[in-house]
Every structure is written in structure tokens, then in C-alpha cells.
Amino acid sequence: HTAQNMDGIYFRNWVEKRWTGNFTVSWWTMIIDITKELFVLIFILGLLLSCFLKKRLQLQTRYWVILSFLVYVICLAKITLFPVYFFSDEDLRQMKEGVDSYFAFYQPIPLASIRNYLHEGALLQLIGNFLLLSPLSVYTEIFTRGKWKTGKKIALLAFVSVMIEALQLLLNVVSGFPARTADIDDFFLNTSGALLTLVILVLFRKMFRNHEHFKEALDSLFYD
């Protein structure tokens, strides 16, 4: 395989022996991905924007919290949306020969993927999906200082999970290649993990409601 990197865009020539016959198929593809260079560029731009907003809006959140949130958002995009593959129509047609059933753009059957994870022993995948949005629950608590109502927080977390699956489906349709399958079970797992984390945080806050010294220590950790 040969590849050329152009700021997160790869042009790659593939030569592969098809399992469906004794012939060789070559095709050209473009891959859009978050490379190390692009990661750094997005991080720097996000950092400059956050510094501007922090001063403009007089935000009290500490810089380390904002920086870690930026890293989390970029990693979340990398894990859930990239890389994106673009093939020509003819290449896609040849790739689908004999494997149409594996070209799943979406999976709408509840619990189907979860049962498959358990059957295949893919516990890491299951746990990863469950914990994917847990950090977002923590950041929501920090940025809102616990002042949002629980229903509003749940709505935000569910919205983010829906948007991830919707963007995956959109990218699949636009590219014609399902690099990431939009899965109803992923929505259930992502949201469930985020909600469990939110419940733990709420209980934790209530537990230490009357411990002023502890609350002051947390405030000094997260806020200026």
C-alpha cells in the first residue's frame, strides 16, 4: 500500500487479492482522518478560541479543565466519526460483490448489537461504548457548576449521543461506505453510561453538601 498524507487527507492506492475469485482488483480511495498534525492544529485553534471566550464571557473555569475538555472532544470525534473513506462508484460495486450484507449503514434493532458483543466476547467494545460519554457528564457538572436541572443535563447527553449516530449515518450515506455503523444499541449504551455517571455525581454532591472545606477544595481545583 502507498499513501500520501495531506493534513488529515490520505490518497491511497490499494491492490488486493479478492477472496471471491482468482483476480486482482485495484482501486483508488481518499481517507479523511484526524492525524497527529491535524489533532495539534485543532487543539491550538480550540485553545485560542477558549481563551478568547474565557476572557470575553468572564468564565471562571480553570484552563486545565478547558484543555482536557478540548482533548476529550477531539478524541471523541476521532473514535466515533473518523476515518471517512471515499471510493468511486465502480470500486464500491466491486467491493460489495458477495458481501452486500456486511455493508450496514445503520442497525435499528434494539439489543441486537449488545447480544452480538456478548456472544463474540467483545466486552471491551461493550464497556467502551458504555463509558464513551461518561466524561461528558463530568464536564457538564463542572461547566454548569451543578446549577442545571437534571432533566436539562439528561437532554444534553441524549442529544450528543443522537448527534453522534446521526453524523455516522450521514457520513455513511455521503461516502457510500459504512466505516461506522449508526447503531441504536450504541445510543442506549452511550446514554446509559452517561446517565449512570450523572447519578453518581449527583449522589456524590449530596453526600458532601455540608462539608464546606471539601466543597472549597473542589472549587479551587476547578475554578479560578
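Which residue just after H7 takes a positive phi? I looked it up in this predicted model, and it is Gly176, with a phi of about 80°.

**Confidence**

I checked pLDDT next. The chain averages 83, and 85% of the residues score at least 70. Strand E1 (residues 2-6) has the lowest confidence, with a mean of 44, while helix H5 (residues 123-131) has the highest, at 95. Residues 1-6 come out below 50, and I noted 17 contacts for this stretch beyond near neighbours in sequence. Residues 13-26 also stay under 50, and there the model has 31 contacts beyond four places in sequence.

**Helix H7**

Back to H7, which runs over residues 150-175. I got 38 Å from the first C-alpha to the last for its 26 residues, close to the 38 Å expected at 1.5 Å a residue. I listed its buried residues: Lys153, Leu157, Ser161, Ile164, Glu165, Gln168, Asn172 and Ser175. An α-helix has 3.6 residues a turn, so residues three or four places apart point the same way. The partners that the buried residues of H7 pack against include helices H2 (63-81), H3 (89-96) and H6 (134-144). Helix H8 (184-207) is also a partner, as are strands E4 (84-87) and E6 (182-183).

**Thr197**

I then picked Thr197, in helix H8. Its relative accessible area is 16%, so Thr197 counts as buried, the cut-off being under 20%. Leaving out residues up to four places away in sequence, I found that Thr197 touches Ser134, Ser137 and Val138.

**Surface**

Last, I looked for nonpolar surface. Val40, Leu41, Ile44, Leu45 and Leu48 make a patch of about 460 Å². One of them, Leu45, I placed in helix H1 (residues 36-56).

Key:
Residues are numbered from 1 along each chain as its sequence is written. This is a predicted model: local features need pLDDT of at least 70, side-chain atom pairs count only at pLDDT 80 or more; totals for chains, interfaces and linings use all residues. Side-chain values use heavy atoms; hydrogens and water are left out. Patches are made of residues with over 30% relative accessible area and no salt bridge: like charges are joined within 9 Å, nonpolar side chains (Val, Leu, Ile, Met, Phe, Trp, Tyr) within 5 Å. Accessible areas come from the Shrake-Rupley method with a 1.4 Å probe; for residues, only the protein chains shown count as cover. A salt bridge is a side-chain nitrogen of Lys or Arg within 4 Å of a carboxyl oxygen of Asp or Glu. Helices (H or I, at least four residues) and strands (E, at least two) are DSSP runs, numbered from the N terminus. The expected span of a helix is 1.5 Å times one less than its number of residues. Buried means under 20% relative accessible area, exposed over 50%, partly exposed in between (1.4 Å probe, protein chains only). Contact means heavy atoms within 4.5 Å. pLDDT is the predictor's confidence in each residue, from 0 to 100.
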